Structure formats: C-alpha cells, structure tokens
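Let's take a walk through this model together, beginning with a single pair of residues and widening the view from there.

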Amino acid sequence: MHNGFFRAASCSPALRVADVDFNVGNMLSMLSILKDEAPDLVVFPEMSVTAYTCADLFHNSTLLDAAVRGLRRLVDECPPELPLVFCGMPVLAAGCLFNCAVAFCRGHVLGVVPKTFLPTYNEFYERRWFAPAYEALEMTTVEIFDGCSVPFGTRLVFETASVKVGAEICEDLWATIPPSCGLALGGAEIIANLSASDDITGKFPYLLSLIKQQSARCLCGYVYASAGFGESSTDLVFDGKDIICENGHILAQSDRYARGNKYALADIDIEAIRRDRMHLSTFADCANLNRNYTSIIKTPDVAARTELRLMRDIDPRPFVPSDKANLAERCEEIIHIQQSGLAKRLSATGCKCIVVGISGGLDSTLALLVAVRAFQSLNLDPKGIIGITMPGFGTTNRTHSNALTLMESLGVTSREIPIADAVNLHFRDIGHDPAKHDVTYENSQARERTQILMDVANQAGGMVLGTGDLSELALGWATYNGDHMSMYGVNAGVPKTLVRHLVQYFADGMADGPGRTALIDIIGTPISPELIPADENGNITQKTEDLVGPYELHDFYLYYMLRYGFSPRRIYLLARKAFEGSFDDETIKKWLRTFMRRFFNQQFKRSCLPDGPKVGSVTLSPRGDWRMPSDASAALWLKECDEL
C-alpha cells in the first residue's frame with residue numbers, strides 16, 4: 001500500500017484446456033510483466049491452472065497431478081516483489097475434490113479457499129465434479145505438496161501491506177448471502193473473486209450491477225477476474241472480464257473480447273474504505289454480530305514501494321456527474337428535492353407568498369427557478385413570488401438587466417428597491433466614510449438588502465427565500481445576519497460547481513426567448529457579490545474567485561474533507577492528480593490553506609443556519625451532517641498545509 005492506496009491487478013491469461021504447462025507459463029509471463037507495475041494483489045480466474053471447462057477430466061489423476069506441479073512452479077517462480085497472488089485450481093482433500101482459490105507469496109502457499117456455492121443448473125453442473133465448501137466438515141488445513149499443510153476454509157483473510165484480503169469464487173457472488181459479506185464484516189477490505197463466467201446476452205450489465213452492489217454493501221474493494229480466451233467453446237463462450245470496483249464504483253475494466261493475456265489495474269482507496277466503515281455505524285453493528293468469523297493470515301514482508309504514480313482517475317468535479325445523461329438525471333432529482341422541500345415548508349406554514357432577492361447571479365437565479373417549480377406543484381399563482389432587485393454601489397447593467405428579464409419571463413411579481421440612499425444614510429449615522437471600501441462598506445449593503453426582504457415579507461405575509469449555496473457556507477462567504485439569513489435556504493445543499501449546471505438544465509428546457517437568453521448570460525457572468533463599484537466601463541470589478549479562490553478547487557476540498565474526513569496532505573495528493581494541467585502545485589496549496597482557515601473560522605455562521613434541504617452526501621447543516629464547535633482550532637490542519 002502506498003499513500004493509502006492498494007494497487008490491484010485482475011488478470012485473464014490466454015489458456016488451453018487441460019494444458020497446465022501452457023497455462024502456468026502464461027500466468028508467470030503476466031506476473032513478470034506486472035511486477036514492474038508494483039501491484040499489492042494479483043488475481044487470476046477460477047481454475048486458471050487447468051482451465052475451467054475441463055469437465056470430466058477433473059476426475060482424471062493425470063490432470064490433478066499436473067495441477068499440483070503447476071502450482072508448485074507458480075509458487076517457486078513468482079517474482080518475489082509481488083506481495084499476494086491468487087490462482088484457481090482443483091484441490092483434492094479428504095476424498096473430495098474442491099474448486100479452490102489458492103493464495104501464495106514469495107515461495108509460500110498461504111492458504112486455500114474452497115468455493116461455497118456450486119452452480120448446478122442450466123449450463124453449469126459443477127456438483128458433478130466438485131464438493132461444496134460446507135462438505136469439508138471440520139477440515140481446517142489441507143496438504144498441497146511435500147507433506148506441507150496450509151490453512152483451508154472459507155473464513156481465511158490474508159493480510160498484506162497492512163490490508164486484509166478475502167476471496168470468494170464466481171457463483172459465490174450470485175448467492176443470496178455471498179461469503180464476502182462475512183469476510184468483509186470479519187475485516188477484509190478487499191475481496192478477490194476468481195471467476196469463470198460465460199458470456200450470454202444481457203449478463204454483463206447484470207454482473208456489473210452485482211459487483212458494484214456487493215462492493216458498496218460490504219464497503220470494500222472488489223477485484224473480479226474471469227476466464228477468457230482459450231476456454232472451450234463447445235457450448236459456451238468466455239469473454240474474459242477483468243473488473244476492479246471500489247464501494248460501488250468501477251475503477252478499471254479490461255477489453256472483454258481481446259485475445260491473449262489481458263488485465264485491469266487500479267489503485268483502491270483503502271483510507272476512504274476505512275473512513276466509511278468507521279463513520280457508518282451500521283457496518284460496525286453488523287460486524288459486532290459476526291465476531292471471530294475470520295482467521296487472519298499474514299503474508300511475508302515485501303520491500304516497501306517507491307513513489308508511484310497514482311493509477312486511478314480522480315474526478316476534479318466530484319459533485320458533478322461527468323456523463324451528460326447522468327448529469328441531466330441528477331439535475332432533475334436535485335431540483336425535485338429543492339422544490340419538494342420548499343413546497344412542504346409553504347404547505348406547513350400556509351404561506352402563499354415568497355420574497356427573494358434577485359441579483360442577476362447564479363444563486364438567486366436558481367432559487368427563483370426552484371420557487372416557480374414549487375408554486376407550480378402547489379397550483380399557486382407565480383405572482384405570489386415577489387422578486388426584488390436592489391441595485392447598489394456595485395450593481396452592473398448586465399446583472400440588473402438579466403434579473404429584470406428573468407422575472408418578467410417567469411411571470412413573477414417584480415419590484416425594484418435601490419439601496420444606495422439608505423446605505424449612505426446609514427454610513428452617516430455610524431460615521432463611516434463611503435470612500436473606504438472595507439468590510440463595513442460591503443456588509444452594510446448586504447444587511448440593508450436583507451432588511452428590505454424581511455420587511456417586504458412582513459408586508460406581504462410571506463417568507464424570505466435564502467439563496468446562498470453550500471460552497472459559500474463552507475467558506476463563510478456570506479454576511480452574518482445579512483444574506484446569511486432567511487426563512488428557508490433552498491440552495492443550502494448545492495455546491496457552486498453544481499449550481500451552474502442546474503441553471504443550465506433549466507435553460508435547456510426553456511423555449512428560445514428573452515428568459516432563456518438571460519439564463520445563458522447569467523451562466524456566463526463572473527461570480528461576484530457586486531458590493532464594490534464597477535469600473536469605468538461598467539464591468540464587474542469584484543470577482544469572488546479572485547478573492548477566495550476557484551470554486552472548482554474549494555468544492556473539491558470540501559468534498560474530500562467532509563465525505564471522507566481526509567487530511568490536507570491527502571487532499572493535496574488527490575488534487576494534484578485531479579487538476580494536473582489546470583492548476584500548479586503552489587496554487588493548489590495556496591487555496592487549500594485558505595479553505596482550511598476559512599472553513600474553521602466561519603463555523604459560527606453555520607451554527608445558526610436557516611432550514612434547508614439536503615440534496616447530496618455532503619451538507620453542512622448544524623442539525624444534521626456537520627456538528628463542529630464554532631471555536632474549534634484549525635492549527636493542526638494549517639500546520640499540515642504549511643508542511644506540504
């Protein structure tokens with residue numbers, strides 16, 4: 001394991017039915033190549049030593065003796081750099097033949113895992129040749145060769161590179177309760193599946209769903225290696241499926257129909273798996289019901305790995321699906337959550353009026369669009385939505401025009417209440433110089449706007465709809481008791497990188513016209529609170545991302561800090577991979593420190609947040625997912641940032 005990642009290889013060697021020498025030679029050839037990739041685990045398919053489709057030859061002593069010799073050759077000639085290897089072969093013990101996964105490392109057979117569930121239906125008839133694991137009775141060891149006995153059973157877990165690995169075989173995964181459930185609850189963080197699954201129409205997507213579901217249920221990495229080219233095609237075709245999965249997500253796959261030796265290779269995030277197992281109390285509860293389920297077998301020590309390039313993709317936008325179809329589905333789901341939350345709040349209060357400040361920016365636009373959807377779902381008149389533009393010292397014609405156009409196109413009530421005179425009067429009252437563009441200058445405008453919204457809501461018998469998003473909550477980028485406050489924060493669970501896509505989704509579903517044109521321009525407008533006067537050409541001068549850093553980076557930091565509890569050092573490691581070619585190391589470090597500093601010292605704003613719906617796995621509600629003292633120290637996190 002390196003930097004919390006465990007490198008696994010899933011292999012499908014070309015083989016010949018019953019030609020043990022050929023099969024073992026091909027496996028050794030693959031191991032020789034793989035050693036340069038420094039995997040912590042290598043998994044070969046079910047019956048990879050003999051081939052799976054030997055049929056009645058499995059009961060022939062010539063094949064069985066050859067399999068033992070082949071295993072010995074594999075064990076003796078396996079490169080010593082490889083910590084743990086699984087191969088498949090028939091094993092004769094106590095008068096029964098078992099379909100087994102054999103674990104070995106550095107000249108030692110570590111243990112033998114028999115197959116629990118033997119398919120004997122349709123094209124499968126394994127009970128003709130093999131005994132299921134439960135017929136091994138009390139047998140806990142098996143003699144492989146030279147009178148040497150090794151551990152035998154379905155409860156073996158092998159510990160290598162400080163990571164625990166269990167094994168199951170093909171049909172075991174398809175069972176009602178796969179053996180991997182008990183192995184995971186007994187400590188296994190990686191499950192190896194040695195398989196020989198034939199290919200028929202529609203089977204592969206179902207298999208993928210099984211692998212993803214089992215890895216998610218067991219909170220584990222799942223390394224699946226299935227027999228491929230060379231198996232008998234008398235009645236079946238084997239396509240060679242190599243799949244590596246982590247907690248419900250496919251990390252790597254090989255080309256199913258490629259001929260010859262092939263493999264998939266990926267780094268499994270053990271630190272993420274361990275964090276989820278620690279954090280999700282249900283897993284621990286289940287594990288406590290399965291104590292003493294497994295036996296741990298430690299592998300011989302292998303030299304520590306040198307610095308390796310991370311072998312997995314790290315999505316720079318973890319909140320945003322990369323696939324367009326999935327993105328559209330996700331957007332619709334999030335909007336439904338937002339509008340349902342708001343509709344429930346309106347129904348519960350009997351309120352038929354919403355007041356929302358419309359700036360011409362992304363957040364207020366999304367809040368307005370969701371409000372319209374909520375009113376539609378309740379059959380309420382959109383005129384009950386009062387959108388108020390409140391131009392101030394930094395408002396530009398671009399944002400002001402877009403705000404007015406959008407409200408007109410949506411059919412809501414539009415009001416304009418300028419704030420400059422009121423704020424200047426306030427500056428006179430408190431003795432502040434308007435030429436001094438400091439925090440007082442900015443926050444006075446934000447609080448004046450909130451006062452207007454609250455008072456209009458009182459006039460109209462309505463409620464103020466908050467517009468701030470999840471990213472702003474993380475950074476504290478809101479004026480306390482200003483735009484920080486509302487009666488319901490509809491965007492509270494939506495990160496900034498996703499807001500833009502949600503607005504785009506609305507635009508895509510809108511007919512061409514002024515409203516859609518305004519939405520497209522809003523999407524392209526720089527993010528800004530517009531609290532500082534525009535330049536001489538009327539352009540925005542105060543750009544949020546120039547001040548606090550790119551939201552693309554901050555959302556990445558937020559996701560990995562809250563979703564997995566990662567340290568700054570590990571977040572930096574992932575960010576370097578994710579943003580390679582986009583941001584240099586110094587930029588990543590600079591804004592990571594900013595994020596950590598602001599995240600801690602702005603907690604007091606999150607401790608008194610208005611209600612708002614959770615829409616994803618990361619949220620900052622003090623009543624739900626995130627409870628942190630407002631005076632917690634950031635010293636440890638900042639120190640680690642400084643040491644990067």
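In β12, Y224 has I243 as its bridge partner. This pair belongs to the link between strand β11 (residues 221–226) and strand β12 (residues 242–246), which run antiparallel and are joined by 5 bridges. Strands here are DSSP runs of E with at least two residues, helices are runs of H or I with at least four, and both are numbered from the N terminus. The model is predicted: local features need pLDDT of at least 70, side-chain atom pairs count only at pLDDT 80 or more, and totals for chains, interfaces and linings use all residues. Residues are numbered from 1 along each chain as its sequence is written, and side-chain values use heavy atoms, with hydrogens and water left out.

Now step back to the sheet. An open sheet of 7 strands runs in the order β13-β12-β11-β10-β9-β8-β15, with mixed pairing (two strands pair if DSSP finds at least two bridges between them). At its edges are β13 (249–253) and β15 (295–298), each pairing on one side only. Helix α5 (residues 203–217) lies across β11, β12 and β13, at about 35 degrees to β12; axes are lines fitted to C-alpha atoms, for helices over the stretch in contact, and angles run from 0 to 180 degrees between N-to-C directions.

Finally, look at helix α14 (residues 496–508) and helix α15 (residues 514–523), whose axes come within 9 Å and cross at roughly 160 degrees. The two are therefore roughly antiparallel (over 145 degrees; under 35 counts as roughly parallel, 65 to 115 as roughly perpendicular and the rest as oblique). In contact (heavy atoms within 4.5 Å), R500, V503, Q504, F506, A507 and D508 in α14 meet R516, L519, I520 and I523 in α15.
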